[in-house]
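Please open the structure in a viewer and keep the selection tool at hand.

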Amino acid sequence: MILVTGATGQFGSQAIDHLLSKGIKASEISALVRDEVKAETLKVKGIATRIGDYTDHGSLVRAFRNVDKLLLVSSNDRQAIENRTTQHINVIKAAKEAGVKHIVYTSFVRKPGFEESAIAAFQNSHVQSEAFLKESGIGYTILQNGIYMEMIPIFAGDNFSGTGTILFPAAGGSASYVLRTELGEAAAHVLTTQGHENKTYTLTNSVSESFYDIAAALSGALGHEVSYQPLPSDEFQSTLRQNGVPDPYIAMFSMWASAVAQGVMDVKDDTLTQFLGRTPTTVKQFIIQTYCIKHWCLGGAFYKRQAHH
Ligand SMILES: NC(=O)c1ccc[n+]([C@@H]2O[C@H](COP(=O)([O-])OP(=O)(O)OC[C@H]3O[C@@H](n4cnc5c(N)ncnc54)[C@H](OP(=O)(O)O)[C@@H]3O)[C@@H](O)[C@H]2O)c1
């Protein structure tokens with residue numbers, strides 16, 4: 001039995017879909033959910049749900065009975081970052097108690113010097129969770145996932161469609177963006193194939209892109225000029241504040257922009273290509289898929305895309 005946590009979230013639900021498409025029977029998969037109401041789409045697929053919360057040890061031990069492999073999707077707790085570490089440790093302790101044999105953990109990409117980066121606290125939570133998992137005595141696989149490509153539209157915002165300019169304080173920094181569903185597919189690959197015990201994998205793209213590259217890809221897709229203006233961080237923050245963006249969001253955007261500027265996620269790797277058996281989706285393809293539905297791409301790639309089909 002494979003149990004997937006975070007199954008009502010995006011990564012967990014996509015990982016389950018990939019397990020199913022790899023031929024794992026629904027009866028061999030269960031889903032940890034904390035809110036049964038959100039689990040309807042899982043039930044329709046024949047996936048049994050087990051109720052549990054990362055903060056409730058007893059609920060986890062009950063949920064993990066008869067589970068061989070567990071995909072631990074890292075928490076999205078929005079309070080203190082230490083909460084996430086505690087929650088992951090709760091899951092690992094409960095898995096040990098319940099006799100789980102193998103945990104696959106979704107960590108985050110890092111490189112030497114990360115301790116000094118804008119996302120050090122976030123990184124440290126993963127470092128501590130990984131260390132606890134390694135020392136638990138349970139078989140483990142650590143997936144150091146790259147930054148989701150889906151973050152690009154969030155970082156770029158919507159304003160550039162009116163102004164033609166992306167305003168973001170990421171300087172000329174590059175990151176190796178990966179589509180979340182392809183990371184879910186890689187997790188399903190690890191869960192369904194042999195040889196991954198006690199391994200740590202970097203799962204990023206084989207190229208890195210800056211916001212200059214992203215603006216160029218948008219220009220190509222939309223058929224009109226989109227430029228990138230790397231604002232100083234304080235100017236970016238005051239612009240967002242004037243536009244009524246709440247402070248926690250401003251802090252979050254600034255933190256990730258600084259991390260991009262510092263090159264913290266600029267780690268290229270080919271392991272994901274091997275696991276997928278194909279080249280991961282590129283930023284250029286993602287931009288066409290994302291923006292050409294929304295904006296129709298009348299002047300550019302939409303027609304080119306049609307011509308290819
Ligand atoms: N690589 C990246 O760029 C990146 C970006 C963002 C996040 N992440 C990390 O990757 C994880 C998965 O991403 P995602 O997009 O799938 O996030 P998501 O859609 O927000 O899903 C997170 C899942 O974790 C579950 N969860 C949170 N707290 C829990 C708790 N106390 N007990 C049980 N379940 C709990 C949520 O349950 P509910 O459905 O009940 O809320 C949800 O199913 C995130 O949680 C975060 O740690 C990575």
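What is the mean pLDDT of the protein chain? The mean is 93, and 94% of the residues reach 70 or more; pLDDT is the predictor's confidence in each residue, from 0 to 100. This is a predicted model, in which local features need pLDDT of at least 70 and side-chain atom pairs count only at pLDDT 80 or more, while totals for chains, interfaces and linings use all residues. Residues are numbered from 1 along each chain as its sequence is written.

Select residues 298-309 first. Here the pLDDT is below 50, and the stretch has 17 contacts in the model beyond near neighbours in sequence (two residues are in contact if their C-beta atoms, placed from the backbone, lie within 7 Å). Where pLDDT is low, the predicted coordinates should not be read in detail.

Next, select helix α11, residues 247-262 (helices are DSSP runs of H or I, at least four residues, and strands are runs of E, at least two, numbered from the N terminus). Within α11, colour F253, W256, A257, A259, V260 and A261, which are buried (20 or more other C-beta atoms within 10 Å of the residue's own). The buried residues of α11 pack against α6 (151-156), β8 (174-175) and α10 (233-242). Just after α11, G263 takes a positive phi of about 75°.

Finally, display α1 (residues 10-21) with α8 (residues 180-192): their axes come within 8 Å and cross at roughly 50°. The contact includes F11 and H18 of α1 and L183 and L191 of α8.

Terms used: Expected span 1.5 Å × (residues − 1). Buried ≥ 20, exposed ≤ 12 C-beta atoms within 10 Å, placed from the backbone. Axes fitted to C-alpha atoms, helices over the stretch in contact; angles between N-to-C directions.
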